[in-house]
Amino acid sequence: MLMRTDPFRELDRLAQQLMGPGTWSRPSAMPMDAYREGDEYVVAFDLPGVTADAIDIDVERNMLTVKAERRPVAKADDVQMELSERPLGVFSRQIVLADTLDTEHIKADYDAGVLTLRIPIAERAKPRKISIGVGSGHKEISG
């Protein structure tokens, strides 16, 4: 058996025991990345071991809420747990979205334990050229 030394393992284990698993009223945080890719904002959440039907995504005005629940795997009666480090319970993240994002057309994909949301940038927020008329006072906005 391979033994690995991690000086913070016991501290992490103790903190997890004291705080307990996340519940719907007090969920744990989930790691995420957010970046812009062309005309979309992409937000990726790590949710390993969570089934797609245990993920809930809501948008209300400009507040995006993602909740997920990792449930324990059913074990036979004669199984004795030796080590349990994978967190169980409810995970949640809330993000305030800018008004420049089109929340009506969010796309969600879930693959290999990663939930990826693609949020398009609203047309009104994209750069546009404004031409100036000479002498006639005519101004035109083109998109």
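Biologist: Among contacts in the chain between residues at least 6 apart in sequence, what share joins residues at least 24 apart?

Modeller: The share is 53%. Keep in mind that this is a predicted model.

Biologist: Which helices and strands does the chain have, and in what pattern?

Modeller: The chain has 1 helix and 9 strands. Read along the sequence, the pattern is α-β-β-β-β-β-β-β-β-β.

Biologist: What makes Glu 40 count as buried or exposed?

Modeller: Its relative accessibility is 18%. Buried means under 20%, so Glu 40 counts as buried. Glu 40 lies in strand S2, residues 40–46.

Biologist: Why is the pair of Glu 40 and Arg 118 called a polar contact?

Modeller: The two side chains are 3.3 Å apart at this contact. The cut-off for a pair of N or O atoms is 3.5 Å, so the value falls within it.

Biologist: Which residues does Glu 40 touch, not counting those up to four places away in sequence?

Modeller: Glu 40 touches Tyr 35, Lys 107, Arg 118, Ile 119, Pro 120 and Ile 121.

Biologist: How do you know that S6 and S7 pair?

Modeller: Strand S6 (residues 107–111) and strand S7 (residues 114–120) share 5 bridges in the antiparallel sense. Pairing needs at least two bridges, so S6 and S7 qualify. Ala 108 stands opposite Leu 117 in S7.

Biologist: What do S6 and S7 form, and what is found in the turn?

Modeller: They form a hairpin with 2 residues between the strands. Ala 112 in the turn has a positive phi of about 55 degrees.

Biologist: Which strands make up the open sheet, and in what order?

Modeller: The open sheet has 3 strands in the order S3-S4-S5, with antiparallel pairing.

Biologist: Why do S3 and S5 stand at the edges?

Modeller: Strand S3 (55–60) and strand S5 (89–96) each have a single partner strand, so one side of each is left without a neighbour in the sheet. Neighbouring strands of this sheet are turned by 10 degrees against each other on average, direction ignored.

Biologist: How do you know that S4 and S5 pair?

Modeller: S4 (residues 63–70) and S5 are joined by 8 bridges in the antiparallel sense. The requirement is at least two, so the pairing holds. Met 63 stands opposite Val 96 in S5.

Biologist: How much of the chain counts as buried, and what area does the chain expose?

Modeller: Of the 143 residues, 22% count as buried. The chain exposes about 11100 Å², and carbon and sulfur atoms supply 53% of that area.

Terms used. Residues are numbered from 1 along each chain as its sequence is written. This is a predicted model: local features need pLDDT of at least 70, side-chain atom pairs count only at pLDDT 80 or more; totals for chains, interfaces and linings use all residues. Side-chain values use heavy atoms; hydrogens and water are left out. Helices (H or I, at least four residues) and strands (E, at least two) are DSSP runs, numbered from the N terminus. Axes are lines fitted to C-alpha atoms, for helices over the stretch in contact, and angles run from 0 to 180 degrees between N-to-C directions. Buried means under 20% relative accessible area, exposed over 50%, partly exposed in between (1.4 Å probe, protein chains only). A polar contact is a pair of N or O atoms within 3.5 Å; within protein, one must be able to donate a hydrogen and the other to accept it, and residues adjacent in sequence count only if both atoms are side-chain atoms. Contact means heavy atoms within 4.5 Å. Accessible areas come from the Shrake-Rupley method with a 1.4 Å probe; for residues, only the protein chains shown count as cover.
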